[in-house]
Amino acid sequence: MNEIFEKEIKTILKDEYLDFMGSLQLPPVKAFYLNPLKQDPNKYLNQQYIQPHPVVQGGYYFDYEKYPLGKSPFFSCGLYYIQEPSAMLVAHFLDVQEDDYVLDMCGAPGGKSCAIASRLGNQGLMITNDINTLRAKILSENIERFGLKNTIVTNCDPIQLTKVLPEFFDKIILDAPCSGEGMFRKDDQAIETWSPQKVQECAHIQRQLMDAAMKLLKPGGILMYSTCTYNTKENEEQINYLLKHYDCQLIPLRRSHGMAPGIHMDEAIRLYPHRYRGEGHFIACIQKNGQSSTKKYKPMKASISKQNQKLVNTFYQEYLQIPTPHYLYDNHNHIYALLPQFPDLQGIRILRNGLYLGECKKNRFEPSLALALTLTQKDVKQFYRFHENDPEVKQYLHGEAIAGTNQKGYGVIFVEDYPLSFYKESQGLAKNLYPKGLRR
Ligand SMILES: C[S@@+](CC[C@H](N)C(=O)[O-])C[C@H]1O[C@@H](n2cnc3c(N)ncnc32)[C@H](O)[C@@H]1O
């Protein structure tokens, strides 16, 4: 462990220092939260190995040695998101209204975005962004797995967004890139790459992101700032910078279960592994002062060629029991369902524009995994339903075709009540449509 870090954390923790160091020798704890978009998502989970989180609604600790939830088909169905339990508190503390417009500035891999977007209604909007293209793609996959329709995934420097959507958002999450001191127990690399210089570099980026956040936030809007680090330069000093330079105020967060206050900042929360069952985090909630007003903005324009519209309509009529979505967007034959409140994101790199429905090619429409993951058994004309441990589920996830019952065309594989993927059946064989990159 770096000596400078040890000295700094000793100054912060005083007589709790040894307890803290001792807690770093224990194994990390793991947790997940349920997807509120799925019906009764707890029903098929093994209650023996899960334990409700004391404050996060739908959050659970779990024994990952005995119950590897990441490998279960229910994970692929988007029934839950596995997230570090202190990180879980960020979304928990954000008071989300169904019609909020929310931005997650540094969203990848998506733990906070999925938690919040799944609590927004279809009148709400989540724009989740990451500057790193590879990470933004993982973010996009997690948004898809969670079956979200109200979410746009972008890949840009959030400073670009300030030009397009000034004072647009009701709520912003800034889960900033940081020196990662709270990850020391979980990740050896975090220990190896830590240095005082890294702290300075992160603090510099955090400042830029905070300035951008204040431009993007509506008057009256809320900014949740968080890091997974302990030093004050990346935490309280950053909040004090905001309070000094912007017309804003700190909103107190309710502490319980070992959550510690910020340093000379009672309103904020510090999470240490020796006090709270999790790794480590800092969380503060800031409100921008002023009166909120409904802003006029240019919506994203729905547009699709007549020919592709016809192909999509035909697919919906033949295989689904739900109407074709109203606002379709055709990006080089890749078809997305927009929501009317989506804003025009002129010049911003978009990875996912709402719900990706599928691709029009060779004069037919091929449905996507994303669409499958939003459907229920009532929504589809044909389906196969399996139990979690049925061999067909394993075969399917592995990329194999499975024996059918002479259905024709597209249907959906369900694991219990939850959609897993489309298949296409002919001559008694349900052909595998599970994307190659996800097979296991
Ligand atoms: C702590 S992680 C975010 C975790 C995420 N909020 C979650 O809950 O899953 C920080 C993220 O910030 C991204 N990042 C780094 N610099 C950034 C910048 N200038 N703008 C936007 N994102 C940035 C990194 O790629 C990384 O994915």
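## Burial and overall size

Of the 440 residues in the chain, 45% are buried, meaning that 20 or more other C-beta atoms, placed from the backbone, lie within 10 Å of the residue's own. The model is predicted: local features need pLDDT of at least 70, side-chain atom pairs count only at pLDDT 80 or more, and totals for chains, interfaces and linings use all residues. Residues are numbered from 1 along each chain as its sequence is written.

The chain has 13 helices and 23 strands; these are DSSP runs, helices (H or I) of at least four residues and strands (E) of at least two, numbered from the N terminus. The radius of gyration is 23 Å, close to the 22 Å from the globule rule for 440 residues, so the chain is as compact as a globular protein of that length. This radius is taken over C-alpha atoms, and the rule is 2.2 Å times the number of residues to the power 0.38.

## Around the ligand

The ligand is surrounded by 19 residues, and the closest are Cys 106, Gly 111, Asn 132, Asp 175 and Pro 177. A residue counts as near if its C-beta atom, placed from the backbone, lies within 6 Å. Helix H5 (111-117) and helix H9 (196-216) each contribute at least two residues to this shell.

## A five-stranded sheet

Five strands form an open sheet in the order E19-E21-E22-E23-E20, with mixed pairing; two strands pair if DSSP finds at least two bridges between them. Strand E19 (383-386) and strand E20 (402-403) are at the edges with a single partner strand each, so one side of each has no neighbour in the sheet.

Strands E22 (residues 418-426) and E23 (residues 429-432) pair in the antiparallel sense over four bridges. Lys 424 stands opposite Lys 431 in E23.

Note on methods
Buried ≥ 20, exposed ≤ 12 C-beta atoms within 10 Å, placed from the backbone.
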